[in-house]
Amino acid sequence: MERQSETLEFQTEVRQLLHLMIHSLYSNPEIFLRELVSNASDACDKLRFEALGDAALYEGDSELRIEIAVDKDARTLTLRDNGVGMSRQDVVDNLGTIARSGTRHFLDSLSGDQARDTQLIGQFGVGFYSAFIVADKVDVFTRRAGLSAEHGVHWSSEGTGAYTLENVERPARGTEVVLHMKEGQDEFLDGWRLRNIVHRYSEHITFPIMMPKDDGDELERVNQATALWARPRNELKDEDYTGFYKQAFHDWDDPLAWTHNRVEGRTEYTNLLYIPGRAPFDLWDRDAKQGVKLYVRRVFIMDDAERLLPRYLRFVRGVVDAADLPLNVSREILQSSEVLNQIRNGLTKRVLNLLEEQARDKPEAYARLWTLFGRVLKEGLTEDVTHRDPLARLMRFASTHEDSRGQDVSLAEYVARMPEGQDAIYVLTAESDAAARRSPHLEGFRARGAEVLLLSDAIDEWVLAHLTEFDGKPIRNITREDVRPEDENVEPDAEQADVLKRIETALEGKVKEVRASTRLVDSPACVVIGAHDLPQHLRRLYKEAGQPLPETLPILEVNLGHALVRRMQAETDEARMKDWSGVLLGMAMLAEGAQLEDGAAFVQQLNHLMTGI
Ligand SMILES: Nc1ncnc2c1ncn2[C@@H]1O[C@H](COP(=O)(O)OP(=O)(O)OP(=O)(O)O)[C@@H](O)[C@H]1O
Ligand SMILES: [Mg+2]
């Protein structure tokens, strides 16, 4: 047989491209094994497909497989597949030309349904050259299925600019890629290291990936190829889903819920998303990389594909397998695109639907879910206008309602039991649940049987800034000056107007105004803030964080019916009136969780009043 050896040049710019590939395209050298295994899987897939029309192509061996073998003495790593193989022309076209993807061409030649039935991975035509990241010479021995042994081809290159090509006798069909490892790349001659890389990237490839057992001769399958998400839902039981979750996400708790879907149409993808049974340790670390695992045709691409779900769903764990997602050629970066937005939107809807189902059908499980992730979900209301309605329905708040235990009241529930004539949803923000429940602001509302939702998560002020109404009912914060029980006013009589004036004078520069209150029953006074002012407990947080604050003074509301105020009405000594007023304001500020401007002065005034000295 005439060996017909010839030396061919890569086109000039190919040399630079090769250099780029080898030195900078991939951030992690281990990726080479993923690329070569994917090529071998594609070759098996192509043969499986072609053999549907011509079983003879199997040449009596239909057990499609991929083998990885190491020769430590020769310092070579070999990947062997008994897939479709390549003819001489295929080799010239596919290995001699960078960025030409024979697989992409093959895929484009199939009809929609045929293409859907394949698992073909290759698309950019560059993956093969990642071999030169770790090898300083690559030999490829291949023979196309259906061609006779003498049509074997030997391709060889050092990845610099040229390659050699010769015909060889090759009884076995398929392809063998032999990497001659570079100095310093011995880690890739280690069986366990290679197995780990297979587990990380190629675990779910359909075809068996075989490696020698304990470096002996006997081969064993390395990849489990479970790819649970690729299996039809009706084949799977709950324990399949929980088992996969624990194994894939290294969690020993069962997940709370999951959703498994295959989306078809313009954008096709499969997703399997889980709500964990406990909060991930880095839930509050906004810089921590979180998110779902991205696969393309069962090949692992990246962890933490943050762009597939909004940050407020960062607790979701799962897998998305999307063939159409625009990745850059190294498959390391998800590129912005309409497809990405569609998938992100679709996934967000899926998760919110799942949460709504839980809330409707499994209130207890949802209560636990809310305890774990409620505060994260609230971020969604401040950053995701598109899904504001479903998010608002998912919210749960503490409430003054006798049946409420913790954050368990939904806005829908509140609206459903609003008494006739009440046209707003009343909420109260405070620095803690205890402070909220003791807030003097509640007295007037409680006395009139008006339910108030108690918001004490740090994010709640921001939530209220974005969530201003629900079901057509405005959401009104009762700590604000313009929100009063039933909007009624109190007309102080002359004496009462006088004491209000005297208090205002005594507190000049400390309050914006002193007015009679309709919201107090037991407390002598409370402070309210303007519609756009920061509540006291937040002002304290800002101050502690050294943040600049707009100078706003609170409004002091006085309970004219309170014994203390009546006592002040009788006070004739202006200095003592100053003490009374200072203590009145101080108590109201403390009830708000505010820090007193001058705690010492407050104590002094208290002493004066208590000792009369
Ligand atoms: N083991 C193999 N068996 C048969 N053909 C192969 C094999 N490896 C590579 N090829 C051919 O060489 C081409 C180039 O491979 P390469 O990995 O560079 O590109 P690709 O797989 O098409 O795309 P991608 O860059 O996305 O991996 C393939 O499209 C395929 O036609
Ligand atoms: Mg490839």
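Modeller: Before we go on, residues are numbered from 1 along each chain as its sequence is written, while chains are lettered from A and ligands numbered from 1 in the order in which they are written. This is a predicted model, where local features need pLDDT of at least 70, side-chain atom pairs count only at pLDDT 80 or more, and totals for chains, interfaces and linings use all residues, with side-chain values based on heavy atoms and with hydrogens and water left out.

Asn82 sits in the loop that links strand 3 (76-81) to helix 3; helices (H or I, at least four residues) and strands (E, at least two) are DSSP runs, numbered from the N terminus. A polar atom of the Asn82 side chain lies 2.9 Å from the backbone nitrogen of Arg65. That is a polar contact, a pair of N or O atoms within 3.5 Å; within protein, one must be able to donate a hydrogen and the other to accept it, and residues adjacent in sequence count only if both atoms are side-chain atoms. Setting aside neighbours within four places in sequence, Asn82 is in contact with Cys44, Leu47, Asp61, Glu63, Leu64, Arg65, Arg173 and Gly174, where contact means heavy atoms within 4.5 Å.

Ala51 has its place in helix 2 and is buried, at a relative accessible area of 7%. Again leaving out neighbours within four places in sequence, Ala51 is in contact with Leu57 and Tyr58.

Helix 2 (31-53), helix 3 (88-95) and helix 4 (102-108) each give at least two residues to the shell around ligand 1, and the largest share, four residues, comes from helix 2. There are 21 residues around ligand 1, and Ser101, Gln123, Gly125, Val126 and Arg331 come nearest; a residue counts as near if one of its heavy atoms lies within 4 Å. By class, the shell has seven nonpolar, ten polar and four charged residues, with Ala, Val, Leu, Ile, Met, Phe, Trp, Tyr, Cys and Pro taken as nonpolar, Asp, Glu, Lys and Arg as charged, and the others, Gly among them, as polar.

One is 3.5 Å from an N or O atom in the side chain of Glu35, and an oxygen is 3.3 Å from an N or O atom in the side chain of Asn94. An oxygen of ligand 1 is also 2.8 Å from a polar backbone atom of Gly127. Taken alone, ligand 1 exposes 590 Å², and the protein buries 97% of that; these areas come from the Shrake-Rupley method with a 1.4 Å probe, and for residues only the protein chains shown count as cover.

Strand 12 is another enclosed part. Five of the five residues of strand 12 (residues 292-296) are buried, so this strand is largely enclosed by the rest of the structure. Strand 12 pairs with strand 13 (residues 299-305) in the antiparallel sense over four bridges; two strands pair if DSSP finds at least two bridges between them. Val292 has Ala305 as its bridge partner in strand 13. Strand 12 runs parallel to strand 14 (residues 317-322), joined by three bridges, and there Lys293 has Val319 as its bridge partner.

The turn between strands 12 and 13 deserves a look too. Most residues other than glycine have a negative phi. In this hairpin, with two residues between the strands, Arg297 takes a positive phi near 50°. Arg298, in the loop between strand 12 and strand 13, has a positive phi near 70° and is buried, with a relative accessible area of 11%. His250 has a positive phi near 50° and is found in the loop between helix 7 (238-249) and strand 10 (257-263). At 66% relative accessibility, His250 counts as exposed.

Methods: Buried < 20%, exposed > 50% of the residue type's maximum accessible area, 1.4 Å probe, protein only.
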